[in-house]
Amino acid sequence: MMKKMLSTALMAVTVSALALSGCAKKEETKPAASGTPTTTAAASAAPGNASGKDFKIGMVTDIGGVNDKSFNQSAWEGLKALEKQTGVKVKNLESKGDADYTPNLNQFVKDGYNLTWGIGFLMGDSLKTVATQNPNAKLAIIDNVVEAPNVESVTFSEQEGSYLVGVVAGLTTKSNKIGFVGGIDIPVIKRFEAGFVAGVKAVNPNAKVQINYTGAFDKPDLGKAAAATIYNDGADVIFHAAGSTGNGVFNEAKDRAKNGKKVWVIGVDKDQSLEFGDEVTLTSMLKRVDTAVVRVSKDIIDNKFQGGKVVTLGLKDDGVGLPETSKKNVTAEILKKVDEYKAKIISGEIKVPEKP
């Protein structure tokens, strides 16, 4: 299944990467037509001319691991697609704990990799240390800002995409009880929470959102337990932003479905209906980590790396959003509302909060 996903994603990653190549310069990009659900980050592009066969790009995961079915996996799929497109050599190192971050980053630097990625907010301090100690090395990070001339930082406006899935949840719930399961309580996950709650309240002020932080991105059992508690309290929709911990939320929903109890999960980062099925996946909040990783990595190959820059991708950049598969379980009427709110966010009429 993974090979199939990588194959179909290849051409899309390239186009999306090219479309976003100007973001670091803060150029305005044209938003997707009227806020309609968009395809996965890899869906549309023309192959580049540059060959990457003489380049090496390394990626260090956070504690969720490369097969977390969301954040890290999305980044790795982007690199693998770029490898197929350009011939660049790519490799990942998985971090089992915080103590692995610096050694793993240093391993790629020592081995002469042209670019070393740190995937996740938690690697900020370690990447800063490695960048400072190795000023000639080129590094990049997702979800944190590292101020160094040899680091490019990529962040996302998670609150904007989360607002839209909040609209979906608020208009879909029948119990007016909704849940949010977070991983570690850090700023990026708080943006998910803040946007989601704001979106729910915008369309359904009577709904209550129960918040549960598990304290981990790599513990599906904790996600399952958190989901069980929220569902037992009457919630019928849960949005997770918890890495592989969120896999447990899906597992709990699927167990309930087997017993004839209909509940929904809203996925994160990737289109998680492709992994967990349409039976329990209402929609997903796409966060196009794969596109961002491809864009910066391709800049290395094209000798256009922008060290010291910070890129922030939101709705107007097609950096976050809903997948095309949303129409399977989300009604056309609700998707029309999503369009309306997306347009208002892009125009600036609605300013989505970044903090609860």
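Helices (H or I, at least four residues) and strands (E, at least two) are DSSP runs, numbered from the N terminus. The model is predicted: local features need pLDDT of at least 70, side-chain atom pairs count only at pLDDT 80 or more, and totals for chains, interfaces and linings use all residues. Residues are numbered from 1 along each chain as its sequence is written, and side-chain values use heavy atoms, with hydrogens and water left out.

**View 1. Asp 143 in the loop between strand 4 (139–142) and strand 5 (151–156).** Asp 143 is not a glycine, yet its phi is positive, about 80 degrees. Most residues other than glycine have a negative phi. With 6% relative accessibility, Asp 143 counts as buried (buried means under 20% relative accessible area, exposed over 50%, partly exposed in between; 1.4 Å probe, protein chains only).

**View 2. Asn 176 in the loop between helix 5 (158–172) and strand 6 (177–182).** Asn 176, also not a glycine, has a positive phi of about 60 degrees. Its relative accessibility is 27%, so Asn 176 counts as partly exposed.

**View 3. Ser 244 in the loop between strand 8 (237–241) and helix 8 (247–258).** Ser 244 is buried, at a relative accessible area of 8%. Leaving aside residues up to four places away in sequence, Ser 244 touches Gly 64, Asp 68, Ser 70, Phe 217, Asp 218, Lys 219 and Pro 220 (contact means heavy atoms within 4.5 Å). A C-alpha separation of 9.0 Å is found between Ser 244 and Gly 183, which are 61 residues apart along the chain.

**View 4. Helix 10, residues 289–301.** Because 13 of its 13 residues are buried, helix 10 is largely enclosed by the rest of the structure. Asn 303, with a positive phi near 60 degrees, follows helix 10.

How values were computed. Expected span 1.5 Å × (residues − 1).
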